[in-house]
Every structure is written in C-alpha cells, then in structure tokens.
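Subject: Structure handover

Hello,

Please find the structure below. My notes on what was found follow it.

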Amino acid sequence: METIIAETLASGRLAHLAGLAKRHAAPEQSVTHGGRVRTIAAGHYTVSGLSRHVRLGEFVGHRSPTGIHLGEVVRVEPDVIYVCPIEPGEPIGIGDVVIQKGAFRIAPDDSWCGRTINSLGEPIDNRGPLSSGMDRRSISNTAPPSMTRSRVETGFMTGVRAIDIFSPLCLGQRLGIFAGSGVGKSTLLSMLARADAFDKVVIALVGERGREVREFIEDTLGDNMAKSIAVVATSDESPMLRKMAPLVAITIAEHFRDKGENVLFIADSVTRFAHAIREVAVAAGEPPVARGYPASVFTELPRLLERSGPGPEGTGTITAIISILVDGDNHNDPIADSARGILDGHIVLERSLAEEGRYPPINPLSSISRLARKAWSGDQEKLVSRLKALIHRFEETRDLRLIGGYRTGSDADLDMAIKQVPIIYDVLKQTPADQPSADAYADLANALRAGMAPPPRPRG
C-alpha cells in the first residue's frame, strides 16, 4: 500500500483524482458555505462571508426561528452580497446565519398534469404532494443553440376564427397579445388554451387576481386541465415569486418538449413579470434606463421568450402565447416594444372594439403573424389579402359614409365592402361559451353566402 501511495504521489495523479472526485461528488457531500446577515432594508438584506462562494442569480437559505427561507443573490460585492427574500414578511435579524444553496431546481414529472403549483414548485390545490421526476432542471436554463433547433413548418387551428383567418399560427411560434387593462387578454388566452393541437399545456399566471385563479382553472380550462399544469403567483405575493413563476413554467414546458411532445406555454402577463424584475433590480440599487425600467428587464425578457419555440432536432416544440399589458393603451411602451421585436407575431386588442361589443376585440389590420404563410394555402393567402383590403376600405370611409357623403354605385369595391364587412365582423365574434371553430374559412364562406343571397321572391 505504501508503495502504491508513493508511486501515485510521484506521478502527480493524486491531485487529478481529487479533482475528479470533487466534480462528481453527490450534492449532499459538497461543502456548504455560510455567512451572516449584516444589514436589512425594505426589499433586500446584505450578507457578509459569502461573496467568494456564490454567483449572481444563485439562491441562499436564511435560517430563522420558523425554518430556512430562500432568497436570490441579486448583487455581489467584495465584502457583502445583496439578497432579495422570496417570501414576504420573512423574519430576518442581524447576525442570522445564511447558507449557500446554489441554483434553484425543479424535477417535473408527468404526474404533475392536472395540478396547480406555486413558484417554488409546491402544490397549492390541496390534492397532496407532487412526485419528483428523474430530471432535475435549473429554472435559469438557456435556450437551445439556434443552429440546432428545428424549423417551424406546421400550422394548426386555434378555434378562434379571428386568429385562424387573419393571423394563423404554427407549432413552435411565439405570439404576443397586446392590450390595455380590461380589454380581454385573459379571456382570449383562455379560449386559446382549449386548442386540441397540443399534448401538454403549461400556464403561468403572474400577478393575477387571486379570485380569478379558480375560475380560470375550473371553468375555462375544464376538461383540458387534465393535460395542463398551472403555475400561479398572485398580485399580493412577493416580486421574487412573481419573477420566478414564468421561469418555473417554461422549465416544465422544456421537460415535456425534450420528450418529443408539443407544448403550449401561456404566460399572463409578461408585463407583470417585467414589473417584478424591476422591483427586485431597483431594491438592489440598479438604476432605471427607460421609463423606470432598469437594463436587467431587457436582458431577462428575451432570455425567457427565447426558451420557447422549436426544440433541437428530434424533440418537440413549445408554442408560446403571452399577454402584454400596454400602459395607458400605449402600444409603444418599453416592454411592448421590446417584446414585439422578439416575438413571431402580435395580436392587437382595441378598447374601441370592445366598447362596440365585438369580442374578441381583435383588430385584423394591426395583427400580424410572421409565420402565416407557412399556415395558409395559396388560395387562403389571396382570400385574406382581399378581406383585409375590404376592411381597410370600409374603415377609412366610415366618417364619409356617416355624414352621407357617399352614394351607392360610385365605387364597386366600397359597395362590396359595405355589404360584406359587417358580415365578416359578425363571423369574427366569439365568446368562451361558444364552441371552438373547426373550420373558420367554412364558417366565413357560409355566412357570406347567406348574407349575400337575394331575398326570396313572393309567391303568386
């Protein structure tokens, strides 16, 4: 034995073996570093003794009389780190012990389908504990490399006629729904969640009203909840939990995508996700750069959205439909403008259409799907182009017609628009109580055929 040890030392292999052991050691065998709380502020606390052992975005655990409470490292300085606590109202005292935890990970499993969980991956539906899968994933994963991803090729029907006709979607596409508050974003998302094209549905409800959670899950999803997982962080929860909710949801979606399934990822809303990032960043001392938003918001937003889309060759897809709350109905506010540049299309909901009673209040002229040509046939593309031209002609002459400045027969295209556009608008009306449309083009053709038919001749 002494000879073997001497030979190992002489050959320098002992250090190499020690390095291998360290890299492959089980997590419970790794060294956990600790520090102590130095200062406490409204949105964060500082810890000394951990600056050399933690990285930005990792988690630490604060030991208090009520247990260990998690927090995220939001700033690292030579002597102290800044930690944003996850749970609101956590009891923190000067000198309390804080231990290193590393990246926050979850272990999704097929048995999670039909369940409602919080941002920590814990069940909140009173149906017992969750089973842990074999695949533990960090919620801070990055998107697959661009050149390894599959191409987006296959269209699908959402069941919402206004979208299926004017802004059709493809599996793996990322679509934004832009609207002000109270216009109908959540209602439209609930209608899209019923699409039959997906194996799994993962929903992130960020900053929602607490009373609406059960209504959305039990009434809107209904039977589709059996293939769905809801991650909920209501408006009264801490900014850290609201920030983590869509990250946990997209991590669950990635788990099913890597198994070859087509997943629908719904986030309502990304704007509240951005608000949560802003609260955390401002508490850490980051200065604002655009209308009160710090630079980290515009870093985290594309990191989240890029994780959706088609997966690497041989895996499935994540189709993302997210809502963007535009402040003051300004569709060019920083979050809306940034998201629009990342997404593969946008649906614009207008308050004026909602006030007219047209639901969903989708403006077909302002809404765009950048992958529509992969979903349209040649004839459908020509038809939609003609329909948009008629709608544009109808809307631009509205004031002229209201004051009686137009005489029938002066413009054949306008005469056709006056007859057909109101019928088109009626076809596009749809509520969550209506059955999803199996063929939007057939519904439109039947309505136009009936509306344009001449009246029956009187008998005799």
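This is a predicted model: local features need pLDDT of at least 70, side-chain atom pairs count only at pLDDT 80 or more; totals for chains, interfaces and linings use all residues.

Residues are numbered from 1 along each chain as its sequence is written, and side-chain values use heavy atoms, with hydrogens and water left out.

The protein chain has an average pLDDT of 88, and 92% of the residues reach at least 70. Among its elements (DSSP runs numbered from the N terminus: helices are H or I of at least four residues, strands E of at least two), the lowest mean pLDDT, 36, belongs to helix 2 (residues 13-23), and the highest, 97, to helix 3 (residues 161-166).

Helix 12 (residues 378-396) packs against helix 14 (residues 412-428) at an angle of about 105°, their axes 8 Å apart. Axes are lines fitted to C-alpha atoms over the stretch in contact, and angles run from 0 to 180 degrees between N-to-C directions. Helix 12 is therefore roughly perpendicular (65 to 115 degrees) to helix 14. Among the residues making the contact are Leu 387 and Phe 394 of helix 12, and Met 416 and Tyr 425 of helix 14. By class, the contact has 12 nonpolar residues (Ala, Val, Leu, Ile, Met, Phe, Trp, Tyr, Cys and Pro), four charged (Asp, Glu, Lys and Arg) and one polar (the others, Gly among them).

Regards

Terms used. pLDDT is the predictor's confidence in each residue, from 0 to 100. Angles under 35 degrees count as roughly parallel, over 145 as roughly antiparallel, 65 to 115 as roughly perpendicular and the rest as oblique. Contact means heavy atoms within 4.5 Å.
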